[in-house]
Amino acid sequence: MATNVAVIRFPGTNCEFDVVEVVQQLGAQAQIVFHDEPSLGNADAVVIAGGFAHGDYLRPGAIARFSPVMEAVASFAQSGGPVVGICNGFQVLTEAHLLPGALQKNAGLKFRCGFTNLRVESSNSVLTSEAQVGDILSIPINHFEGNYTCSSETLAELQGEDRVLFRYVTNPNGSVDDIAGICNEGRNVVGLMPHPERACHDLLGSRDGIVLMSSLLRAAGLNAGVPT
Amino acid sequence: MMFDVVVEVRLRAGIADPQGATIERALPALGFDGVTGVSVGKSIRFSLQAADESAAHAVVTDLCHRFLTNPVIEDSEISLHPAEVAAH
């Protein structure tokens, strides 16, 4: 059976087609799942795509977390299924308490849009298993509220348990400890502000996202050789 | 009974407030000297039906914790009082 990725769409999501395109490019199937669906179907992995779910009203992700689909995402995550939240999806995962911490407004109130260099800090997660620690990946960011923050206890946990997956080489937004992406204790739920799905083709200026997206598909059960 | 509720949401102490800092930096250029400690939050107003004031307070506290604030970065202050009955 083909590997199937559920791509979650809330009202205001705008990166879902980019994710679908990359998933298909890498040899798997993708289906868009709307926020009011109570089920993920036969998904092998979930991507919460970027955008502005529910207009980012109140706080990014604050309203999206109460969507029916998020209950299905939470049970899928609890059963060990791979879940990746990209940008707004990361914000949704923190609001849903599937990942610790919060994303606040960028230091300096700058909306940051452009390529950024990420250093892979751990290859032990569903999104980084095919990358090497120390790899520098060129991946775009596009956010106003990407300034990762958490309590000092949480930060110590993330550092001590090797759960910081990516750090910015040059911190663009004020994130504590230069954090760009983290995972949960089970290492199957990942959130990151940069957009790997926008860095999977020469025409887009970088192919560095492929190693991440193919790691996710591998975690979802795709065994066939991933085209590079 | 009906209560008028105002929830003030503000960033927790120690959380950077870039909006407050930006406003504060702009003030001297407008001739407002001596303004310090600017912080930006939001206020949320609504009406609530509840049995009494302590029940209302419990509901609003729960609402703040689960939805209106993100406790990782925000605190809230609740004020509520019985709504004035509209004359008919």
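Reader: What share of the 228 residues of chain A counts as buried?
Author: 57%. Buried is 20 or more other C-beta atoms within 10 Å of a residue's own, exposed is 12 or fewer, and partly exposed is in between, with C-beta atoms placed from the backbone. This is a predicted model: local features need pLDDT of at least 70, side-chain atom pairs count only at pLDDT 80 or more, and totals for chains, interfaces and linings use all residues. Residues are numbered from 1 along each chain as its sequence is written, while chains are lettered from A and ligands numbered from 1 in the order in which they are written.

Reader: Why does the radius of gyration of chain A agree with a compact globule?
Author: Because a compact globule with 228 residues would have a value near 17 Å, and chain A has 16 Å. That is taken over C-alpha atoms, and the globule rule is 2.2 Å times the number of residues to the power 0.38. The C-alpha trace spans about 45 × 35 × 35 Å along its principal axes.

Reader: How many helices and strands in chain A?
Author: Five helices and eleven strands. These are DSSP runs numbered from the N terminus: helices are H or I, at least four residues, and strands are E, at least two.

Reader: What about β3(A) and β4(A), parallel or antiparallel?
Author: Parallel, with three bridges. Ile48(A) stands opposite Gly85(A) there. The chain gets from β3(A) to β4(A) through helix α2(A), residues 68-78, in a right-handed β-α-β crossover. Right-handed is clockwise from the first strand over the helix to the second, with the strands pointing away from the viewer.

Reader: New topic. How many residues of chain A are in contact with chain B?
Author: 13, against nine residues of chain B. Contact is C-beta atoms, placed from the backbone, within 7 Å.

Reader: What does the predictor give the complex for ipTM and pTM?
Author: An ipTM of 0.82 and a pTM of 0.92.

Reader: And what is the mean pLDDT of chain B?
Author: 93, with 97% of its residues at 70 or more. pLDDT is the predictor's confidence in each residue, from 0 to 100.

Conventions. Two strands pair if DSSP finds at least two bridges between them. Two residues are in contact if their C-beta atoms, placed from the backbone, lie within 7 Å.
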